[in-house]
Amino acid sequence: MKFWHFDRNIQIRLALHFVTTMAVMSVTPYLIVFFSKQLGTFVTGLMFMGVMAANIVGSFAGGYAADKIGRKKVIVCSEAGVTLGFACVALVNSPWLQLPYVTFCLFLLIHLCIGAVGPAYQALIIDASHPDNRRSIFTVSYWLNNLAIAIGGLAGAFLFQSHHFFLFLGVATSTGLSLGITILFIEETYRPMKCTPALPSREEKKQRLSFLRDILGSYKIVLKHRWFVWFAIANLLIISVEEQLTNVIGIRLVREIPVPQPFVSFLDWSVDGMNLLGLLKTENTLLVVCLTVLVSSLLKACKERTMLLSGLFLFFFGYAVISFSSSPVVLLLAMFFATLGEVMHIPVKQALLANMVPDHARSTYMAVYSLLSILGASSAGVFILLSGWVPPVVITGVFVGMGMICLLLFSTITKRSPKEMQSPAAEVRTDENATA
């Protein structure tokens, strides 16, 4: 995958992302349980909604700012906020002090900064890459991200309950290290044009009053980019189905297999619903780590459109089977096909996204993309409510319908040439030139 041939900024960013993701994932999956034990499930649910809102606000603000002042400034400010936030979280969750509501306020700050830095990170990677190597870059990024999640999640599973203070300190330290290296070694990849002259005080005041209108106008332009909006909606459908493994599907497995049953008839090994859910999650993570490089090498000569659509078909087919089957062997086999599809489509999808967004508004586009991704993850609550009223076969039908819509959207998008998928502003300029 030619990691050492990537731009220096990309090499550093991928390495830092691996370290920080590994640290963050040692605490993030266990925070809901951590807060629910201290404050109850209702308060924890409200806190979760607040944190998600902070992430969305941060994403919009960071996406706008990174296109106005540059990527590096947003990254530095955001990582400084995350570092300070986790250091304070460790302090108020130490052996000497327990302040859950203060912790919640700190996590609002942390996720505001995490939301802000996401679009800037993505835009920096796109800035420093070119169409020919983006598929390789996103393949490496995807592999490293999943490896970091696996290592961090495993460490947290054994250490969080009794050593969360040290894990919080570890996250603060790793983010602080990332901050220092970013300041010293990562170069700015985007310098906005400064063409606005100095304004009189009255005009300057008017400009400040129109700041919010400017932000909304930037995102309005993004929403006029039809192909990008279709792309983001299709990605929302993918994330929405994937998130159901630990929600609707997990609830169904635990309900339908409350007591251990034989895994296969000829083995003296029994599993219940919770065990199966853990096995499916573990299989998914291990297959991603093991198959990403292999699949990328074997299918290197395959057309990107074919690889994307085939991967999506396998992904939705696998999750459709998982959504109704209770056979351990069938579930594990279906997860294999779903993960194979995931490994096939994600790098191609990310490269297609990178080639679609215009240079001058990459962070703004990434902010909208992140928002729809968050909405996809948040759909778990809707599916949980729906599963209480309808049989599993209806959920399976919904998954199949979402898969068909997603395939139709991507099939339509990938038929277009890069020029056809340009931003609305470019389309307007093209029309004006034609009229002239």
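Entry 1: I am working with a predicted model, where local features need pLDDT of at least 70, side-chain atom pairs count only at pLDDT 80 or more, and totals for chains, interfaces and linings use all residues. Residues are numbered from 1 along each chain as its sequence is written, and side-chain values use heavy atoms, leaving out hydrogens and water.

**Entry 2: the salt bridges.** How many salt bridges does the structure hold? I noted 4 (a side-chain nitrogen of Lys or Arg within 4 Å of a carboxyl oxygen of Asp or Glu). In one of them, Asp67 pairs with Arg71, with the closest N and O atoms 2.7 Å apart. Asp127 also meets Arg71, at 2.7 Å from N to O. Asp127 lies in helix 5 (residues 100-127) and Arg71 in helix 4, so this pair ties together parts 56 residues apart in sequence. Helices here are DSSP runs (H or I, at least four residues), numbered from the N terminus. I wrote down Asp67, Arg71 and Asp127 as a network of salt bridges.

**Entry 3: Glu79.** Glu79 forms a salt bridge with Arg13, the closest N and O atoms being 3.8 Å apart. The two sit 66 residues apart, Glu79 in helix 4 (residues 71-92) and Arg13 in helix 1 (residues 8-24). Both Glu79 and Arg13 are buried.

**Entry 4: Phe42.** Is Phe42 buried or exposed? Phe42 counts as exposed because its relative accessibility is 65%. I found Phe42 in helix 3.

Technical notes. Buried < 20%, exposed > 50% of the residue type's maximum accessible area, 1.4 Å probe, protein only.
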